[in-house]
Each structure stands twice: as C-alpha cells, then as structure tokens.
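User: I would like to understand how the terms used for a structure are tied to numbers. Please take them one at a time.

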Amino acid sequence: MEQTNSTATQPEAMISLRNLRVSYGEREILHGIGFDVMRGETLVILGGSGSGKSTLLRTLVGLERPSSGEIWLKGKNIAAISSQEMDEIRKKIGMSFQGGALFGSMTVGENVALPLREHTKLEDSTIEIILRLKLDQVGLSGFENYMPSQLSGGMKKRAAVARALAMDPEILFFDEPSAGLDPIIAAGVDQLILELKQAFHMTIIVVTHELASAFLIADRMVLIDKGNVVAIGTSEEMRSSTHPRVRQFLDRIAEPAVSEELDYLQMLTEEYRRPGR
Amino acid sequence: MELTTQIGESVTDGLAYLGALTRLGVRAAYFTFIAPFQGKPLRLQRAVSQAMQTGVGALPILSLITFFIGLILALQSAYELRKFGALNFVASAVAISMTRELGPLITAIVVIGRSGSAFAAEIGTMKVTEEIDALETMAIDPIHFLVTPKFIAMIVMLPCLTIWANSMGILGGALFGVAQADFTLVRYIQASLDALFLRDISTGLIKSVMFGITITAVGCHEGLSTGAGAEQVGRSTTRAVVVSIFLVILVDLVFTALFFFLSER
C-alpha cells in the first residue's frame with residue numbers, strides 16, 4: 001500500500017516531507033511518507049507500537065538519515081545537508097524526549113541553560129533571567145537547583161520542555177508527551193502544549209498513541225501504520241473517517257489473532273533494531 | 001574453510017574496532033587542538049572535574065596497591081638475591097621494575113577499574129535514556145561535550161598517578177629493605193635513585209600516556225555503542241574493562257619492544 005497524500009507545496013508549509021523512506025539495515029521502516037506541516041499548527045502523528053511514528057520523529061530532528069526522499073525544513077532539504085548546516089537548523093528546533101532525557105549530573109537550571117551557554121555569548125545574568133522565564137512558562141518556577149532525580153515524572157517532562165524552549169525554537173517536537181504519566185499529570189502536560197501553542201504560535205509536532213490527548217491538542221492528525229501514511233486530516237475529518245484502519249485505531253479494535261502475531265514479531269524486531277542502528 | 005572464514009572475520013572485526021577507537025581519538029584531538037581556534041571553546045572546567053574524579057579519587061587505593069606491589073617485588077627479588085648474598089640489590093630491582101613496568105601497568109589497571117568502567121557506564125546510561133540524542137538535537141556534539149574532557153583528564157592524570165605509584169612502590173620496597181636488608185630509609189631511597197636512569201622513568205611515563213588514551217577511547221566507545229536497555233549498560237561496562245586490559249597489555253608490549261630496540265643502538 002503506497003499512499004503518500006502529498007499535497008502541492010503551500011507557501012506557509014513549515015516542514016514538507018516528500019516520499020520519505022527510512023531503513024535500519026536491510027529493513028525499511030518508512031515506505032515513502034509525504035505530507036506538509038503548516039506554520040503555527042499542531043500536528044499529531046498517531047500510530048501504534050512499531051508503526052514507524054517514532055522513527056519518523058527521529059528522522060525529522062535529524063537523528064536518523066533517510067535512505068531516500070526529501071525533508072524540507074526552513075527551505076533546506078535536511079535529508080541532504082552537511083552536519084554543520086544541520087546544527088544550525090537544530091538551534092531553531094526543540095525536542096522533548098519521552099523520558100525527558102535531562103542530564104542527570106546537572107541541576108534543572110543547568111539543563112535548561114545548557115543550550116544557551118553552548119550556542120550564545122550571553123552574560124550569566126541574562127541567561128539567569130531567560131532560565132527563570134522558561135521555567136515559569138512550564139510551571140516550574142523555583143526548581144532550578146533541583147536535580148532531575150528529585151523531580152516527579154510530570155515535572156521532568158516540564159523541565160525537558162523548558163530546555164527545548166531555551167533557544168526560542170520555531171518548531172517544537174514532542175515524543176510521547178503523556179507516556180508513563182497518570183491521567184491528571186498527563187492532562188497537565190497537554191494543557192502546557194495548548195498554552196505554548198496559543199502564546200507563541202509555535203509549530204508543534206507531537207508523536208503519541210494517546211487518543212484523548214491527540215484530539216485535545218491537534219489541529220490536524222496523521223495516522224501512520226506499518227510505515228505508511230494511512231490518513232491525514234483535522235480532528236473532525238478523522239472522527240468521521242470511514243477508512244478501516246482509522247476506525248480500528250480510533251475505536252480501539254484489537255487486531256485479528258493471526259496477523260497480530262506477525263505484527264508482534266515485527267514490532268519486536270523493530271524495537272530490537274531501533275537503538276542499535 | 002570454516003576456520004579461515006572465522007579467523008578472517010575476527011581480524012576484520014578487530015581492525016574495525018581499532019578503527020573506531022582511532023576515529024574517536026582523532027575527533028577528540030580535533031576538539032582539543034583545532035576547534036578552540038574556530039570558536040568552540042574547550043571545556044577545561046569539565047576536564048578538571050573529570051581529572052579530580054579519575055586522578056585524585058584514585059590516590060588512596062592506588063597508594064595501597066602499589067605499596068604492596070613494591071613490598072611483594074622486594075620479597076620476590078630477595079628470594080633469589082640472597083642466594084648470592086646480594087640483598088643490597090633489592091633497592092635497584094624494585095626501583096627499576098616499578099618505574100619501567102609495574103608502576104604504569106598497575107596504575108592503568110586501577111584506572112580501568114575505577115574510570116574506564118565508569119566512562120562506559122556513564123555514557124551508556126546516557127545513551128539508553130536518550131540523553132546522547134538530546135545533546136545531538138541541541139546541536140551539541142557528544143564527542144566534544146563528553147569524550148574530549150575525559151581524554152584531557154586521563155592524558156594529564158595517568159602520568160601523574162604513575163609517578164605517585166612509582167614512589168609508593170619504592171616505599172613498599174623500602175619497608176622490606178629496612179626490616180630485612182640492613183638499609184636505613186634514607187640509604188634505601190638513595191640506592192633506588194642511584195639505580196634509576198631518567199630513561200627508566202620517562203619510558204614508563206610515555207607508556208602511561210598511551211594507556212590513558214587507550215582506556216578513554218575504549219570506555220567511551222563502549223559507552224557510545226551501547227544498545228537499548230539497562231542490561232546493555234552492564235554489558236558495555238564489562239566489555240570496556242576486558243577490552244581495556246587486553247589493549248593496555250598490547251600497547252605495553254609494543255612500546256616495551258620499541259624502547260628495547262631503540263636503546264640497543
């Protein structure tokens with residue numbers, strides 16, 4: 001099944017994917033993905049385990065190299081640029097990792113200030129002010145001297161968002177923002193994403209399999225299944241979709257037993273392959 | 001046929017591994033010597049705190065071990081020397097074997113156990129928790145940020161520790177000398193110094209610098225190539241220790257042979 005859904009490049013597209021293919025070794029994970037992300041919108045990438053959604057996100061932030069295809073980001077095809085150019089683009093994007101990925105040997109404040117200290121020549125006092133501002137934005141004022149291990153799961157996520165915001169990015173990526181959080185804390189993180197969207201009109205891309213959270217924050221959604229785009233559209237369009245895979249995903253219908261086993265194996269091999277590269 | 005394929009495979013694997021270590025070392029050298037002139041400042045502060053951990057932190061255990069090694073060396077050489085009534089040569093035997101060989105080697109092995117394994121565990125954990133990925137998405141090179149300070153710390157600290165280890169070894173030998181071979185402490189140390197040439201000490205120090213480079217490269221490489229999951233961190237740590245010990249002995253052999261043939265002329 002090869003459905004790329006690529007629309008003509010619109011002037012306000014922030015990111016454009018064209019026939020993107022990503023492989024780990026012999027195995028192709030993404031089989032020709034194509035869609036646009038508009039400036040200022042919140043796009044949720046939905047998909048089950050092993051669908052390739054995390055790989056897609058890793059490719060978008062430059063952690064994986066596509067085997068073919070194009071990713072246009074700020075007028076540059078990041079599938080084909082040098083690592084110096086990629087570093088320049090990376091200063092304009094922020095990424096919040098699933099587990100937060102805060103540096104355990106540094107305080108929350110040092111974590112958030114790190115990109116500023118690395119990439120700017122700002123005075124310490126200025127960095128201090130920006131740091132307070134960013135922590136305030138995510139509701140963590142006064143926590144700059146805590147170590148990440150002293151924070152709860154939800155607070156770690158917030159601190160990670162603050163670090164992602166440090167360089168005032170134009171695009172913010174979230175990997176499973178509500179994974180491992182209880183519903184109330186997860187709702188708080190969703191709320192934070194909504195606030196960021198309203199306050200800064202940032203382009204936000206969220207990878208998740210949490211339907212409730214997806215429908216709350218998304219302007220548009222993309223459903224990825226087995227490395228292909230199955231459907232793309234607004235929340236209403238997704239809700240009223242009659243596509244069998246979309247219905248199955250939204251109505252949470254289990255896979256038939258036989259193919260489930262295959263999927264499970266596929267998922268396992270994917271999990272196994274993913275980090276080793 | 002099967003055997004030749006296997007030998008061929010392990011040789012290429014070994015060469016690939018050495019290649020990866022070299023690449024890591026070259027990148028770290030680039031960030032130490034070239035990048036500071038291109039606007040990427042060196043992280044001396046991180047190197048200093050790393051040096052405190054790997055160097056100063058190792059002093060107590062290293063002192064104890066090398067003191068004992070010196071004492072053992074004295075006992076072992078005395079066993080043979082007393083047959084010739086040459087117990088007063090104990091001092092030179094201990095001094096030469098400590099500075100030329102055992103000082104650098106024991107220091108390297110203690111540092112592998114304390115720091116080489118810690119490098120692999122630290123970087124491996126960061127890999128598993130996506131912290132390395134986070135560095136990359138922030139446009140911070142993990143080699144620049146994590147690996148280079150470790151190289152600097154180790155290259156500076158290993159020779160320092162080796163000098164300390166040499167002195168502690170000689171002190172250990174002195175304990176035997178004073179108790180059993182009619183030396184006074186001052187005369188023992190004088191005898192040790194008389195037996196040593198500068199070459200004995202400097203070859204040991206050159207070796208220790210090479211050991212430092214080897215241990216750091218292996219520890220960091222094993223950390224960076226950690227797979228997914230906590231158990232992989234354990235695997236990398238174990239591998240870092242085993243591979244480091246092997247490579248340190250190999251480097252030791254190469255340099256000892258080199259010094260041997262150079263001094264012949």
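Analyst: Helices (H or I, at least four residues) and strands (E, at least two) are DSSP runs, numbered from the N terminus. Counted in this way, chain A has ten helices and eleven strands. This is a predicted model, in which local features need pLDDT of at least 70 and side-chain atom pairs count only at pLDDT 80 or more, while totals for chains, interfaces and linings use all residues. Residues are numbered from 1 along each chain as its sequence is written, and chains are lettered from A and ligands numbered from 1 in the order in which they are written.

User: What does the predictor's confidence come to in chain A and in chain B?

Analyst: pLDDT is the predictor's confidence in each residue, from 0 to 100. Chain A has a mean pLDDT of 85, and 88% of its residues reach 70 or more. Chain B averages 93, with 99% of the residues at 70 or above. For the model, ipTM is 0.83 and pTM is 0.86.

User: Where in chain A does pLDDT stay under 50?

Analyst: That stretch is residues 1–11 of chain A. Where pLDDT is low, the predicted coordinates should not be read in detail.

User: Why is B:Ile112 called buried?

Analyst: A residue is buried if 20 or more other C-beta atoms lie within 10 Å of its own, exposed if 12 or fewer, and partly exposed in between, with C-beta atoms placed from the backbone. B:Ile112 has 25 C-beta neighbours inside 10 Å, so it counts as buried. B:Ile112 belongs to helix 4 of chain B.

User: Which residues is B:Ile112 in contact with, leaving aside neighbours within four places in sequence?

Analyst: Two residues are in contact if their C-beta atoms, placed from the backbone, lie within 7 Å. For B:Ile112 the partners include B:Ile215, B:Val241, B:Ser244 and B:Val248. B:Ser244 is 132 residues from B:Ile112 along the chain, yet their C-alpha atoms are separated by 6.9 Å.

User: Which residues of helix 9 of chain B are buried, and what covers them?

Analyst: Among the buried residues of helix 9 are B:Val241, B:Ser244 and B:Val248. Their cover includes helix 4 (90–128) and helix 8 (198–224) of chain B.

User: How do you know what span to expect for helix 9 of chain B?

Analyst: The expected span of a helix is 1.5 Å times one less than its number of residues. Helix 9 (residues 230–264) has 35 residues, and its reach of 51 Å from first C-alpha to last is close to the 51 Å expected.

User: Where is the kink in helix 6 of chain B?

Analyst: The kink, of about 30°, lies at B:Thr148, shortly before the proline B:Pro149. The bend at a residue is the angle between axes fitted to the seven residues ending there and the seven starting there. Helix 6 (residues 142–180) reaches 55 Å, close to the 57 Å expected for its 39 residues.

User: What makes strand 10 of chain A largely enclosed?

Analyst: Five of the six residues of strand 10 (residues 220–225) are buried, so the rest of the structure largely encloses this strand.

User: How many bridges pair strand 10 of chain A with strand 4 and with strand 11?

Analyst: Two strands pair if DSSP finds at least two bridges between them. Strand 4 (residues 42–46) and strand 10 have four bridges, in the parallel sense. Strand 10 and strand 11 (residues 228–234) run antiparallel and have six. Both pairs therefore meet the requirement of at least two bridges. In the hairpin of strands 10 and 11, two residues lie between the strands, and A:Lys226 takes a positive phi near 50°.
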